[in-house]
Amino acid sequence: MGTSCSLFAAELPALALLGGELWVRSLAARLTRFDARSELSLLNAAAGRWTSVSPELEGLLRESLRAHEMSGGLVNVAILPSMLAVGYTRTLAAGPTPATLELARSAPLLPNVLEVMPGRARLAPGAGIDLGGIAKGWMADRLAARLGSNVLVNLGGDLRARGGGPDGAGWPVGLGAATILLAGQGAATSSVLRRRWAGGLHHLIDPRTGLPAASDLVEVSVVAGRAVDAEIVAKAALIAGREPAPAYCAAHADAWRLVPASRGPREIGDFVG
């Protein structure tokens, strides 16, 4: 998945955690856009035609439509053309390729280009999707449910906790400078401080412009009921910016932390909610 993942459990055999790792590796291989043979790549290549999809991809596509609605369009998986235009054409471990920003364009409204039916889906011609962080959050939620009642799943910073951790007080996790206890909750961080390259480019695309988000926030961490919800809220809040972010987080999250591009009052960098 191009990121660090970790699984923790209380009173669970190591073999169960190994099974969780294999599940992540197998599903990630089917959802990557960096392999032309993956299920996601085949869907993108078939734009304009109905394509059979697995229950997992169907679930993720439906989650992507919900994310689009929940975020007012700020979280939009139909940004693949812009991701390619900024040079994110292969894994960042291999390095970005030269940007062609003249090809970047605002993303279409996702319901206008993606149709999902039981067992099949269709993208409009010219459309392409990158499941990105939504896939991590969605997978974290499902893997936690698969593993048991007292586990912590971390898939590249998208976290889902179940149970009270080893001592019953919650699973301790570090988000920014804070350590918080998660119990039956999800958490995620969206940031433009990492995955950056030459020219001030980064991976977080504002679907309204098709370009890397020019936000006055550089990092948002969110705690919510599910990892996928935390991922959606964190990304939408970062793209929206410092003024609307607190009200949006208050409506959709249990707690949040906003880091502005230029630090203001101290409480802006602390968790609230």
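Author: Three strands make up an open sheet, in the order S2-S4-S3, with antiparallel pairing. Strands here are DSSP runs of E with at least two residues, helices are runs of H or I with at least four, and both are numbered from the N terminus; two strands pair if DSSP finds at least two bridges between them. This is a predicted model, in which local features need pLDDT of at least 70, side-chain atom pairs count only at pLDDT 80 or more, and totals for chains, interfaces and linings use all residues. Residues are numbered from 1 along each chain as its sequence is written, and side-chain values use heavy atoms, leaving out hydrogens and water.

At the edges sit S2 (51-52) and S3 (114-117), each of which pairs on one side only. S2 joins S4 (residues 120-123) through two antiparallel bridges, and Ser52 stands opposite Arg120 in S4. S3 and S4 are paired over four bridges, again antiparallel, with Met117 standing opposite Arg120 in S4. S3 and S4 form a hairpin with two residues between them, and Gly119 in the turn has a positive phi of about 80°.

Now for the faces. In a regular strand the side chains alternate between the two faces of the sheet.
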